[in-house]
Amino acid sequence: MTAQSVHVPSKDRDEPRAASASSERVWTLKELEILHEICKPTVVIVSSVYDSPHSPGGLRSRHRVVFENQDCMKRFGLPRSQEDHDLHMSTFPEDFQKTRRAWLSRVATSKKTTEVRIDLRVLMSPLFYGISELSPVCMAKLESKPILVETSPGHTEAAILHMADMEECRHRDHRLAAMLDRSPIHAVLFSRSGKVLCANKAAGTKIESVHAAAGIPFNPQDNSLKQLFLYGMYPGGQEEALMHYEDAMTAVFSLQLNSHRHVQPYRSKKDGRIKWATFEMWPMSDPIGGSPAVLIKKWNITNEKQLEMQLEASQEALQRYNQELEEDSAAMEQERLQLQQQAESLAQRLEAVLSDNFVARTAFDADTPIDKTLAFLQDVIKGSTPSTQRALDLYHVLSESDTNLRQPIELENQLLKHMTMDSEVGQSMLQLLQGHRVSDPEDGVFKKAPLPVKQSSQAALQSGTPVLIPAAVTPVIERFLQIWSVLHMQDAGNNWQFDIFEFAAATPGNTLSLLTFHFLKQSGGIDAGRLDAAKFIRFSHRIEAGYNPANPYHNSIHVASVVQMTHMLLRHGGILKSGAMTQQQYWGSLWSALVHDFEHGGLNNDFLIKTHHPLAITYNDQSPLENHHVSAASRLLSDPELAYLPMDATKAEHRAATRFLSVNQVLGTDMKKHFDIVSRFQAVFKPLPAKEDSGPSDSQTTAAPALDWESVKPEDKTLVHQMVLKCADIGHLAAAARTHKRWAYQLEEEFFRQGDKERTCGLPVSPLMDRSTQGGMTRSQLGFFSIVGIPLFKAMAELFEDAQPMLDGVLANYHHWEAATPDTDLPA
């Protein structure tokens, strides 16, 4: 709104109105000359209103400059004549003049100073020759105050004093411009024709790049707004872009909506990926000239859009899953009806058999598990009490993971071992009934024949005689380990609470390779496997170099402790003694422990997946770290300088078996698989229900008898292999309290570093990884022990009693944390 002084005339229009100001000071023109000392444009204007039949409303305003200070003269020149003033005022729209008259009336009757910020061209151009609408923009803060002026002797008129503070507006404009330019959100003011009226720095750069991408030189007079829409990557191409542009113009300029929002897909210049941006549009008037304009702010919403798309995809997948469940439910219902019919038929057959006093069959048992189950239930229905042994036998059959409910039990063994049936006939029957080639009856389906071992090595292992390795390697390592063990009263091969930090301080940079070679050599693995000792040492050094010492937790010292705990579990935890694992699998487990965190970056799988790390992409988000550890370590064996394994055909089966073992062990250390592995382990090796003839002092379950590990299926043994490395991987839970807590705080620091990196990447900081909060991972120790640690180690100690010292160490550390935790923080 334009602000100018106004004179409110008296009734006869010839006498100045001063009734309301009779007690106010009256300024003479001489006294107003003091305003020359003010370095701000200052003018005193007397306004009058007169009748004009040719003007809308019958009134016209007239303004007369009665005083201007020197700064005003310097900037705006001499006052216009009354004729020029009237002519100039006639160029302004009548609505504008009416609004100004109303404002002048309020200023004239106000008793205090009025402040507005305006462009002085609009105020001063009708009054002075030295300024016009073509002059540069001249923003200022205008202070206006009504005063009384003696314009001639004895003649007092009401006037308004205007003082313009141009410096303050310049400062404010500069600050506003700096704020806009600093903002990463694009802000642009467009005219109705799409011309850029004003833009902040980010938006100006974007508009120029949009024109450059289209091969069009940037011209401020062009329709840049349309070009901005054409920059989008719409499915319908330019036609759809123009449609969105027209919709926006209609919403803003025709419908005058308060705001209009548009989401635009576009291709990133940096990486070529499709991204999304939001345009928020508000209709407004151009402050310079008052013409219609639109303010547009643009910001990136790619992350939100991707989350929205992922949510839609998840919803679609859930709908498909629900549909599949409904289909499966219908199929199961149909199968239930079929089974019910079969059960009724079988019950009728059984009744017929019982009524005919049917005698037991031949030695070949053709009953399927369903047959045996129905017979058992039939006896119960008839009121008889089946024996406990019979119930246990049926329980074992149905709990087997590979039981085929519609095939005679142990069909292969029955056919091949049937005394009255020729072997070839049995194999033919088996192929007919099962449709596959029969395995070697001597080796069995899963059991592998023992591999040949050199007699000298075999004898040496059995007699306990040390197996020598090359003289260039053995003496130094062995002397060092023996002397260190004596001096520090510890033995890495026999101590459940071995101080790995003390050992690492004595062997900087070689802790892992020394310890691994020691266990391998002492157990006879070098000679038994006919390994190249020099190449193995180079290989273990290369593996050790692949662990980043800057990682607080996932470093070579942690891996050395895992190697040592793996050795303890196998040698002293009863696993090798029980026959659950072989000597060859012991050596393979040492290798798994050696490489299980190879090239770990100190960031977990979740971080790699969230940041689309190349490893996550390579392994399809499935245990990317664990897959990389074993894969990258195995790849080193293709280097001739590191290939310590013999490549002759006699060792090929050993190599394949060791690789199978290591892959399963290392992949099993992914905590995402923890409950799956532990629950299956407990289901397979849990104690059996009590038998019928148990004594009165027996509990509901009996102690598990010694397992015949030769009869345990390979997939069940794999669970034992995985549990060994899982226990060793978090073996510091069983270490001495001082050692364990040191590991806990080092792991906490590694988590904090990941949290720092997540914050840097703009990701939400993972729980217990924000160092700005009070405490991190160590706050969760009681929960981790209760939910993960104790059940894991307890399951192993229940199956292998010699591992009880390991469980005792875990429980001792749990009680340490429990004693240091306030009662209010203890888990329920």
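**Exercise 1: A helix and its end**

Helix H30 is followed by glycine 762, whose phi is positive, near 80°. The model is predicted: local features need pLDDT of at least 70, side-chain atom pairs count only at pLDDT 80 or more, and totals for chains, interfaces and linings use all residues. Residues are numbered from 1 along each chain as its sequence is written, and side-chain values use heavy atoms, with hydrogens and water left out.

Task: Compare the span of H30 with the span expected at 1.5 Å a residue, and state what covers its buried residues.

Solution. 
1. Helices (H or I, at least four residues) and strands (E, at least two) are DSSP runs, numbered from the N terminus. H30 comprises residues 737-760, which is 24 residues.
2. The expected span is 1.5 Å times one less than the number of residues. From first C-alpha to last, H30 reaches 35 Å, close to the expected 34 Å.
3. Buried means under 20% relative accessible area, exposed over 50%, and partly exposed in between (1.4 Å probe, protein chains only). Among the buried residues of H30 are Trp743, Leu747 and Phe752.
4. The cover of these buried residues includes helix H17 (500-506), helix H21 (556-572) and helix H31 (781-799).

**Exercise 2: A loop residue**

Task: Determine whether alanine 492 is buried or exposed, and list its contacts.

Solution. 
1. Alanine 492 lies in the loop between helix H16 (474-488) and H17.
2. Its relative accessible area is 10%, so alanine 492 is buried.
3. Contact means heavy atoms within 4.5 Å. Leaving aside neighbours within four places in sequence, alanine 492 is in contact with Phe498, Leu515, Phe519, Gln564, His567 and Met568.
4. The C-alpha atoms of alanine 492 and histidine 567 are separated by 9.1 Å, although the two residues are 75 residues apart along the chain.

**Exercise 3: The nonpolar core**

Task: Which residues have the most contacts inside the largest nonpolar core?

Solution. 
1. A nonpolar core is a set of buried Ala, Val, Leu, Ile, Met, Phe, Trp, Tyr and Cys residues joined through side-chain atoms within 4.5 Å.
2. The largest such core has 84 residues, and those with the most contacts inside it are Ile543, Leu569, Ile575, Phe793, Met796 and Met806.
3. Apart from this core lies another, of 23 residues, among them Val210 and Tyr266.
4. Not counting residues up to four places away in sequence, methionine 806 touches Trp496, Met565, Leu569, Cys727, Ala734, Phe793 and Met796.
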